Amino acid sequence: MMRKSIYKIIVLSLFITVFTACSDDYFDVNTPSNTAKLDQLRMQDLLAPVIHSTMEGQRSAELSFGNYVQNFVIQGGGAAGQTTASGLWTQVYLYILPNIDAINEKATANGAVHYKAVADILTAVNLGIATDTWDNIPYSDATDGPDNNFPAFDTQEQIYTSIFSLLNGAISALEGPDYSGFTLGSEDLIYGGDTDKWLRAAYTIKARYQLHLVQKGEITAADVLSTIANGFTSTDDDFLMYYDDKNINPWYSAEVLAKNTGNAHNDIASQLVSSMNGDYFPFEGGDVSIDPRLPIFADNGGEAEWKGYVSGSVGLAPDGTDANAGFAVDGYYTRIDAPLMLISYAEAMFIKAEAAFLANGGNTTSVGSNADAYTAYLDGIAASMEMYDVDGTDYLADTAINVGEGNLMLQHIMKEKYIHNFLNPETFVDFRRYNFSDEVFKGLTIREEEASDDNEYFGQWFRRAEYPSSEVNRNEENVLANQQTPVTPVWWDN
């Protein structure tokens, strides 16, 4: 059902008028003759485009940050410098928040508490990716329309307070009844109207954002464990949106079709490949030579060895020889009908594993933990193998992976989370939370193109996007009051 629904949302998005407070430029246009007015639209008409834009926004963020965390590199090893992540800004402020505002208005008028709860979860998700990208962002008066064309920015601390408020409200609503007569259906491109799954999603997303604040001291690891206990229970809960052969997956379009036609594309980075081919964590049992997920992420042209590209090089692997890892032609994320993933049961288990490890007194270099951390670590790997539909039996049995409770380190948990969350922008949060540490992310070194004499941020990791130039032009005073350098940590990273 969800695979078929994607076509509807593309069509609907052409007929929906959205409003934003970011600039009066948006109002200086003629309304197209085929554009529906707000009072002509139902909640059902608005929800599907919001979900679609939410998932496209996640991918847009990954396009900006996937090279920072070395999932991929630009074709030929070209530089991937500081970013404005303008595509994400457009999705959030032009296509998502204004339509969610309209859903909330209609849901409140109709007493549709479950519909509003889902809208609040989506709001929290979009505020989360936006604030983790830029730090301070407009929210409190961001959808005031022409009444306020120069919205002030909320601090990231305020945004996180809003995220938890939205999620707590959604959880409370979904745990209670809805007597409105309005139910979610096929317009729900994620769960097809299953509010129990939305409830578990809200808990899991809340745990993700709580985890961001543990090192900050705002939340305890025990708080995270309490929340995740109510989260996803299996891979059936995975937050995925599928495409189809009429509306093709954007990774397929950008990486497979582009490469086949000789256009610009990305190649798979050495950090990812070396985390999966035994370079960083040599396999010990003799039955495993590569992580079984690697061939559904990447293609090495049938060669015996897997060698990822070094960022900043021209077609080279870390050992100076030719690299060979490109995006898989028919991979999990690069099929025509492949999904985009927001958050999954496997990530929930890695959240639990990390939180339990930290709650047990673990740190970036400590060895050993408790049974809760180790079991969640193994459960996360098993769930990942299930989601990607590969046989992980030998992998899980290998003592490089099955290290035992007494030998578990944070780097084992974070390596598996890094692999599982391939092409997920959450990895950029993880890298920043641990200060790009090679003790946590084994083998990690700064991208070569950053270490050049003509780069004003020589030798420094990027930690945020700059605000889009279009927003500087439209809301200059407020943007400049909040603008920081791209190497300045966001609030929770301080």
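Thr-427 belongs to helix 15. Helices (H or I, at least four residues) and strands (E, at least two) are DSSP runs, numbered from the N terminus. Apart from neighbours within four places in sequence, Thr-427 is in contact with Val-69, Tyr-418 and Asn-421, where contact means heavy atoms within 4.5 Å. Thr-427 and Phe-65 are 362 residues apart in sequence, and their C-alpha atoms are 8.7 Å apart in space.

The model is predicted: local features need pLDDT of at least 70 and side-chain atom pairs count only at pLDDT 80 or more, while totals for chains, interfaces and linings use all residues. Residues are numbered from 1 along each chain as its sequence is written, and side-chain values use heavy atoms, with hydrogens and water left out.

## The chain as a whole

The chain has 17 helices and six strands. Of its 494 residues, 60% count as buried. Taking contacts between residues at least 6 apart in sequence, 76% join residues at least 24 apart.

## Helix 15 and its cover

Helix 15 is mostly covered, with eight of its eight residues buried. The buried residues are Glu-426, Thr-427, Phe-428, Val-429, Asp-430, Phe-431, Arg-432 and Arg-433. What covers them includes helix 2 (43-65), helix 4 (113-134), helix 6, helix 11 (345-359) and helix 14. Just after helix 15, Asn-435 takes a positive phi of about 55 degrees.

## Salt bridges

The structure holds 15 salt bridges; a salt bridge is a side-chain nitrogen of Lys or Arg within 4 Å of a carboxyl oxygen of Asp or Glu. One of them joins Lys-417 and Asp-430, whose closest N and O atoms are 3.2 Å apart. This pair links distant parts of the chain, with Lys-417 in helix 14 (residues 410-420) and Asp-430 in helix 15 (residues 426-433), 13 residues apart. Both Lys-417 and Asp-430 are buried.

Another salt bridge is formed by the side chains of Arg-463 and Asp-493 (2.7 Å, N to O). Arg-463 lies in the loop between helix 15 and helix 16 (469-474) and Asp-493 in the segment after helix 17 (476-482), so the pair ties together parts that are 30 residues apart in sequence. Arg-463 is buried, and so is Asp-493. Elsewhere, salt bridges that share partners join Asp-291, Arg-293, Lys-415 and Glu-416 into one network. Within that group, the side chains of Asp-291 and Arg-293 meet at 2.8 Å, N to O. Asp-291 is buried at a relative accessible area of 0%, and Arg-293 is also buried at 0%.

## Helices 3 and 4

The axes of helix 3 (residues 86-110) and helix 4 come within 10 Å and cross at roughly 155 degrees. That makes helix 3 roughly antiparallel to helix 4. Axes are lines fitted to C-alpha atoms, for helices over the stretch in contact, and angles run from 0 to 180 degrees between N-to-C directions. Angles under 35 degrees count as roughly parallel, over 145 as roughly antiparallel, 65 to 115 as roughly perpendicular and the rest as oblique.

The crossing of helix 3 and helix 4 is left-handed, meaning that the near helix is turned anticlockwise from the far one by less than a right angle; clockwise would be right-handed. Residues of helix 3 in the contact include Leu-88, Trp-89 and Val-92, and those of helix 4 include Tyr-115, Lys-116 and Ala-119. The residues of this contact divide into 13 nonpolar, five polar and two charged. Ala, Val, Leu, Ile, Met, Phe, Trp, Tyr, Cys and Pro count as nonpolar, Asp, Glu, Lys and Arg as charged, and the others, Gly among them, as polar.

## Helices 5 and 6

Helix 5 (residues 156-174) and helix 6 (residues 195-212) pack at an angle of about 155 degrees, with their axes 9 Å apart. The two are therefore roughly antiparallel, and helix 5 passes helix 6 in a left-handed crossing. By class, their contact has twelve nonpolar, four polar and one charged residues.

Thr-131 lies in helix 4 and is buried, with a relative accessible area of 0%.

Note on methods: Buried means under 20% relative accessible area, exposed over 50%, partly exposed in between (1.4 Å probe, protein chains only).
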